[in-house]
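Subject: Structure handover

Hello,

Here is the structure for your files. My notes on what was found in it follow below.

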Amino acid sequence: MTIFCQHASTAGYECPADTLDLLRAHFDQVPRGRSFGNGRYARKVLEEVVTRQAGRLRGMASPAEADLRTLTPEDASGLLAGAADGSR
């Protein structure tokens with residue numbers, strides 16, 4: 001979680017508490033085998049969340065700066081689907 005937050009902050013993103021709660025639940029469910037890399041996985045998750053954010057923002061006529069900087073629960077919610085079976 002710390003690595004994700006550091007990468008997000010460095011890239012200029014903010015995560016409200018409800019987004020962090022979803023992400024924490026996701027990271028807690030991820031299987032950690034021998035080849036698991038915390039930093040690599042955190043970057044992958046951030047890229048996916050930012051991609052989802054872009055899709056959400058595409059539907060907005062004039063997003064404000066706060067919209068561009070904030071990663072919402074909507075952006076992170078689908079991550080939980082693949083955690084249990086290890087597909088993410």
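A crossing is called left-handed if the near helix is turned anticlockwise from the far one by less than a right angle, and right-handed if the turn is clockwise. By that convention, the crossing of H1 and H3 is right-handed. Please keep in mind that this is a predicted model.

Overall make-up

The protein has five helices and zero strands, and from the N terminus on its elements run α-α-α-α-α. Of its 88 residues, 32% are buried. Among the contacts with a separation of 6 or more, 60% are between residues 24 or more positions apart.

H1 against H3

Two packed helices are described by the angle between their axes and the distance between the axes. For helix H1 (residues 2–10) and helix H3 (residues 38–58), the axes come within 9 Å and cross at roughly 50 degrees. H1 and H3 are therefore oblique to each other. On the H1 side, the contact is made by Ile3, Phe4, His7 and Ala8. On the H3 side, Asn38, Gly39, Ala42, Arg43, Val45 and Leu46 take part. By class, the residues of this contact divide into six nonpolar, three polar and one charged.

H2 against H3

The axes of H2 and H3 come within 12 Å and cross at roughly 135 degrees. An angle over 145 degrees would count as roughly antiparallel and one of 65 to 115 as roughly perpendicular, so H2 is oblique to H3. The crossing of H2 and H3 is right-handed. Leu23, His26 and Phe27 of H2 meet Tyr41, Ala42, Val45 and Val49 of H3. The contact of H2 with H3 has six nonpolar residues, one polar residue and no charged ones.

The nonpolar core

In soluble globular proteins, nonpolar side chains tend to be buried together. The largest nonpolar core here has 15 residues. Those that touch the most other members are Phe4, Leu23, Phe27, Val45, Val49, Leu71 and Leu79. H1, helix H2 (17–29) and H3 each supply at least two residues of this core. H3 gives the largest share, five residues.

Two residues to look at

Phe4 lies in helix H1. Its relative accessibility is 0%, so Phe4 counts as buried. Leaving aside neighbours within four places in sequence, Phe4 is in contact with Cys15, Leu23, Phe27, Ala42, Val45, Leu46 and Leu71. The C-alpha atoms of Phe4 and Lys44 are separated by 9.3 Å, with the two residues 40 apart along the chain.

Arg56 belongs to helix H3. Is this residue, Arg56, buried or exposed? The cut-off for buried is under 20% relative accessible area, and Arg56, at 17% relative accessibility, therefore counts as buried. Leaving aside neighbours within four places in sequence, Arg56 is in contact with Asp67, Thr70, Thr72, Glu74 and Asp75.

Regards

Key. Residues are numbered from 1 along each chain as its sequence is written. This is a predicted model: local features need pLDDT of at least 70, side-chain atom pairs count only at pLDDT 80 or more; totals for chains, interfaces and linings use all residues. Side-chain values use heavy atoms; hydrogens and water are left out. Axes are lines fitted to C-alpha atoms, for helices over the stretch in contact, and angles run from 0 to 180 degrees between N-to-C directions. Helices (H or I, at least four residues) and strands (E, at least two) are DSSP runs, numbered from the N terminus. Angles under 35 degrees count as roughly parallel, over 145 as roughly antiparallel, 65 to 115 as roughly perpendicular and the rest as oblique. Contact means heavy atoms within 4.5 Å. Ala, Val, Leu, Ile, Met, Phe, Trp, Tyr, Cys and Pro count as nonpolar, Asp, Glu, Lys and Arg as charged, and the others, Gly among them, as polar. A nonpolar core is a set of buried Ala, Val, Leu, Ile, Met, Phe, Trp, Tyr and Cys residues joined through side-chain atoms within 4.5 Å. Buried means under 20% relative accessible area, exposed over 50%, partly exposed in between (1.4 Å probe, protein chains only).
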